[in-house]
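Try each task yourself before you read its solution.

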Amino acid sequence: MKQVYDVLIIGAGVVGSAIAREFSRYILKIGVLEKELDVCYETSGRNSGVLHGGFTYKPGSLRAECSVEGNAEFDKVAEELDVPFKRTGKVVVGFDKKDRESLLKYKAIGEENGVPGLEIIDKARLQELDPSAGGEFAMYSPTTGILNPFIYNVALAENAKENGVDFYFDNEVIAIERDNDLYRVVTKKAVYQTRWVVNSAGLNSAKISSMLGINGYIIGGFKGEYFILDKKAGQFINMPVYPAPGPTGGFATHATPTVDGNVLIGPDSVLVDDLVDYGATVSAMAGLIADGSKMFKHVKPEYFIRNFSGIRPKRIDKETGKALDFVLEVRDEAPNTINLVGIESPGLTSALPLARRAVKMFSEKEPLVPNENFYPKRKGILCFAKQTDEMKKTLIEKDPNYGEIICRCEMVTKAEIIEAVHNSLGVCTVMGIKNRTRAMMGRCQGGYCETRIVEIIKQELNKTTEQVLYKKSGSNMFTGTVRK
Ligand SMILES: Cc1cc2nc3c(=O)[nH]c(=O)nc-3n(C[C@H](O)[C@H](O)[C@H](O)COP(=O)(O)OP(=O)(O)OC[C@H]3O[C@@H](n4cnc5c(N)ncnc54)[C@H](O)[C@@H]3O)c2cc1C
């Protein structure tokens, strides 16, 4: 007889993975169904990587509550899960009277939300905090930070897995049926039985809601494109620099340092119908350069190394077209389901607070028994490039694979690639290696290391060249040999 899950979670983005981890604190049979071949292939791997302070969200809203809570706890979370994180602070800059009014408004909102330390600062202080920032004055948020979004998602999923959660990749949910007291969740590969379903399917959350019998949600895809700047530009920026929000409240293009030393310029915001098209467009580039240059003085073509985009899954009001708050609900028409819809920004910051609330909703219906074996810590792959010379020597003595550099731009060694290939989630795409090690994220974007990584995957997992996938099912990188 097929096993019956207590909880099946749809979607292994940062939210689904956080929910899996929080449920694994209790004695439950938990599974995660993900349509892609790894975590963080969608929105959770396509964002600014900012741990938001929580000053732009309506007081009393779930977004405000969760972002303030998620921000406050993140030092501990980053330490437990070994996630690269820096509490850099952030400046929201202004140029004129209108901007000053906007900053005063958001300072008051932030204070109502409980965001600590917000202050309006003059140009001299702004320049002291970040000499490369544009703007005549600013609001300074000392609690804002930056984190590695790929590693955070991987870490949550790995920790959940270590605590007993099953992950099923390449399993797109296409139907959900209620059969007596159980759900039959049908994917393109198999059928799973479960007592509870959690919908954390991001851009597809309205579709999954309908499969559960909860109709009427509309997800508007707001695409945002970015430029990634070289680490040479990263030396000039200390913290995220955002423009004062306009009348609709959203932030326009900003400049954000990454924890690894690059700079992101973007995102813009364009309503799109196609929720799977992540293409970077020529039309966005001029705007990103013009707007980004107002935030950061070093937006120069020689620093551009790559473009990417993400799509915000905004929940839209049918009548007004306005974006609405996150939904996290248990509804009578869909018993034993927890439904999350419209988890747009700040979903990265809010993932664990949302997860705790989801578990609490479950516990209001059924008692939970703590899992005495729950272990909250997870250790990431040791980054050779960040070690002292002495430590590097010791590592090479222990394992000569530390002595072979595979990615020259990011100085990633063969030992790190091998560790990533044997990740506990069983992911074996080239993209999976990239997200776990930073190999291919440097200046040459894989020109040197990509084929070497393919060779390591082949050797370690006993695969043929033709079997190696770049990212998705069907993304085979090689189809045969040109010359024998
Ligand atoms: C441009 C941009 C910038 C952002 N910047 C920030 C920021 O700086 N800070 C911040 O806090 N937040 C930010 N966000 C928001 C944040 O990235 C998201 O809120 C968060 O990643 C949402 O996580 P999720 O797990 O809900 O969604 P996702 O990461 O999209 O995960 C949902 C998962 O469900 C899977 N799925 C979908 N349908 C199915 C199906 N039928 N069957 C199985 N699996 C399915 C998908 O493949 C996906 O992996 C930003 C978002 C964007 C787009």
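Domain bounds here come from an automatic or database domain assignment. Keep in mind that this is a predicted model.

**Exercise 1.** Find which domains the chain has, and how far apart their centres are.

*Solution.* Start with the assignment: domain 1 covers 85–144 + 219–315, and domain 2 covers 384–467. Next, take the centres over C-alpha atoms: 32 Å separate domain 1 and domain 2.

**Exercise 2.** Decide whether Phe74 is buried or exposed, and list what Phe74 touches.

*Solution.* Locate Phe74 first: you'll find this residue in helix α3 (residues 74–81). Now count neighbours: the cut-off for buried is 20 or more other C-beta atoms within 10 Å. Phe74 has 20 of them within 10 Å, so Phe74 is buried. Last, skip residues up to four places away in sequence, and Phe74 touches Leu51, Phe85 and Gly145.

**Exercise 3.** Describe the shell around the ligand.

*Solution.* Begin with the count: 40 residues surround the ligand, and the closest are Gly11, Gly13, Asn47, Gly202 and Gly347. The elements giving two or more residues to this shell are α1 (14–23), β18 (304–316) and α10 (347–363). Finally, sort the shell by class: you get 15 nonpolar, 17 polar and eight charged residues.

Methods
Residues numbered from 1 in each chain as written. Predicted model: local features only at pLDDT ≥ 70, side-chain atom pairs only at ≥ 80, totals over all residues. Near = placed C-beta within 6 Å. Helix = DSSP H or I, 4+ residues; strand = E, 2+ residues; numbered from the N terminus. Nonpolar A, V, L, I, M, F, W, Y, C, P; charged D, E, K, R; others polar. Buried ≥ 20, exposed ≤ 12 C-beta atoms within 10 Å, placed from the backbone. Contact = placed C-beta atoms within 7 Å.
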